[in-house]
Amino acid sequence: MTGQAPARPAAAEERLFSRKYAAATIGFAAVMFLTGFAALAVVPMLPVAARDLDGVPLYPLVAGCFVAASLFGGVLGGDWADRAGAGRPLAAGVVLAVVTLVVSATSTTIWQLAAGRFLDGVAAGMIAVAINTAIAHAYPDRLRARALALMSTCWIIPSLTGPPLAGLVAAWWSWRVVFFGLAALTVIPSLVVVVMLRSPSWQASSKEPEPGLPAPGPAASDSSGDRTPRPALMVAAAVSVGAALGQYAVSGWDVRHLLCGAAGLALLVVFVPRLLPPGTWRAARGLPAAVLLRGLTSGAYFTLEAFVPLLLTTARRVPPVQTGLAFTGAAIAWAGSSWLQGRLQGRVSRHGLVTAGALVMGAAVAVAAVGTLPTLPALTVAGAMVLAAVGMGMVAPSLTLLSLTHSPPGRQGYASSAMQTSQNLGQMAVMGVASAVFNLFLGFGSADLPGYAAAFGLLLVPSVLAAALAARARST
């Protein structure tokens, strides 16, 4: 009996909300709740805003510039987190996210809306990388899967309330009121998060390393002996510009668009290899394979997520409220699937979950392609987005954990930044190809639905390829 008594305090320390981890857990959860509420309410409004601003052909640019900017934000946040800890880039990203809502709300042209989304992408990239880096340092390995699952769970309430409310507000007033309202609602929570991140208790919990893991900051990278070069911010900026040019290029087929496409491709070819681990393109085992898989799966899912509301809004004339409910269902599915993978730790291999999730996503994009048939209900496509979210909920946290396992000591920020970079590049590449095919159909005078079917059909390629390569990311 007496020999079992000391085990209780140790077991208590293994909970996310125990005294040791409570400050970090609450801080992370608050950030993810805030980010999820704004993101899920805004995205369904973008097709409506593009239509009102006479910018439907430039909708891929509006969606793509967010991704291009988050690439830069991810590199900035990862480098900043490795040098000074995750608190500062996390706070900066939260504050910037509020500012971008005002920029978007006051848009008078599609270009201003694109600028607002670009700034929002910078903020989102910083937040995502800072959260992953902070989780790596704040929790031991046995709690990281549950922490990542909690981050996904924090999107449940925003998913239930954000998109439907945004749809109602847009129907009764305007999409601008949605942006202004979100900016007003998130000012106070943003200030609370910033104060929490600066508190001594949060900083102590987030910087205390697991035994054997160097603490974050400059000392970590100096003592590790790792020689992996830090990506220059100018390189990341060049890649972001190249990606934005590529997204603009697929919106038309004249000389100007072709020149922008050539310039964007040149920038990507020259600078992208400097932001990713060596061996990424050939799926070398370990971190490179995990990084590549993040790009493939994210490209398939987020392209589907971008085209589904556009189809429902423009081709099928589905009310914004119903489009918002589709996002609600997808967010709940993602959170539930993520929670499930957290509970399966130790029972199913991480790369096995990636394989299963990628196959589910492949089935989802097949349903989306079939759902474009005029004889089927319009909401069939919305159901495909929910099914894809089930697969992504298994894939995303599993790949994050694999990347942290393979990352060099003291360089979790670098690994998180590489994952974010690959995610954004995958989104831009897949969305760019799908957008080019879609606009090609429109250019030949075809109806909208065949173009959507072709775009959805292309998403089978990255989904199946990810399932085939998942074993190369297995942990040793």
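Me: Is L71 buried or exposed?
Reply: In this predicted model, L71 counts as buried, because its relative accessibility is 0% and buried means under 20% relative accessible area.

Me: Which helix does L71 lie in?
Reply: L71 lies in helix α4, which covers residues 59–84.

Me: And how far is L71 from M126 in space?
Reply: From C-alpha to C-alpha, L71 and M126 are 9.0 Å apart in space, and in sequence they are 55 residues apart.

Me: Switching to charges, how many salt bridges does a search of the whole structure find?
Reply: The search finds one salt bridge, and D120 forms it with R117, with 2.9 Å between the closest N and O atoms.

Me: Where do D120 and R117 sit relative to each other?
Reply: Both belong to helix α6 (residues 110–138), and because they are three residues apart there, about one helical turn separates them. As a general point, an α-helix has 3.6 residues a turn, so residues three or four places apart point the same way.

Me: Are D120 and R117 buried or exposed?
Reply: Both D120 and R117 are buried.

Me: What about α14, how many residues does it have and how far does it reach?
Reply: Helix α14 has 29 residues, and from its first C-alpha to its last it reaches 41 Å, which is close to the 42 Å expected at 1.5 Å a residue.

Me: Why is α14 said to be largely enclosed by the rest of the structure?
Reply: The reason is that 28 of the 29 residues of α14 are buried, so the rest of the structure largely encloses this helix.

Me: What happens to the backbone just after α14?
Reply: Just after α14, R317 takes a positive phi of about 55°.

Me: How does α2 compare with the span it should have?
Reply: Helix α2 (residues 22–42) has 21 residues, which should span 30 Å at 1.5 Å a residue, and this agrees with its end C-alpha atoms being 30 Å apart. Helix α2 is also mostly covered, with 15 of its 21 residues buried.

Me: New topic: how much space lies in the largest pocket?
Reply: The largest pocket holds about 700 Å³ of space, and two or more residues of its lining come from each of the elements α12 (233–249), α13 (255–271), α14 (287–315) and α18 (412–443).

Me: Which of those gives the most to the lining?
Reply: Helix α18 gives the most to the lining of the largest pocket, with nine residues.

Me: Which residues lie nearest the centre of the largest pocket?
Reply: Of the 31 residues that line the largest pocket, L425, G426, M428, A429 and V430 lie nearest its centre.

Me: Back to α13 for a moment, is L265 buried or exposed?
Reply: L265 is found in helix α13, and L265 is exposed, with a relative accessible area of 54%. The C-alpha atoms of L265 and V239 are separated by 9.4 Å, and these residues are 26 residues apart along the chain.

Me: What about S337, buried or exposed?
Reply: S337 is buried, with a relative accessible area of 7%, and S337 lies in helix α15 (residues 320–343). Between S337 and M394 there are 5.7 Å in space, C-alpha to C-alpha, while in sequence they are 57 residues apart.

Me: Last one: which residues form the nonpolar patch on the surface?
Reply: The patch is formed by L165, L168, W172, W173 and V177, which together have about 560 Å² of accessible area. Helix α8 (residues 156–172) gives the largest share of the patch, three residues. W172 lies in helix α8, and W172 is exposed because its relative accessible area is 60%, where exposed means over 50%.

Methods. Residues numbered from 1 in each chain as written. Predicted model: local features only at pLDDT ≥ 70, side-chain atom pairs only at ≥ 80, totals over all residues. Heavy atoms only, no water. Patch = residues over 30% accessible without salt bridge, like charges linked within 9 Å, V, L, I, M, F, W, Y side chains within 5 Å. Areas by Shrake-Rupley, 256 points an atom, 1.4 Å probe, with all protein chains shown as cover. Salt bridge = Lys/Arg side-chain N within 4 Å of Asp/Glu carboxyl O. Helix = DSSP H or I, 4+ residues; strand = E, 2+ residues; numbered from the N terminus. Buried < 20%, exposed > 50% of the residue type's maximum accessible area, 1.4 Å probe, protein only. Expected span 1.5 Å × (residues − 1). 1 Å grid on protein atoms, 1.4 Å probe; cavity = no way out; pocket = protein on both sides within 12 Å on 5 of 7 lines; lining within 4 Å. Points joined across faces, edges and corners; volume = space filled by probe spheres on them.
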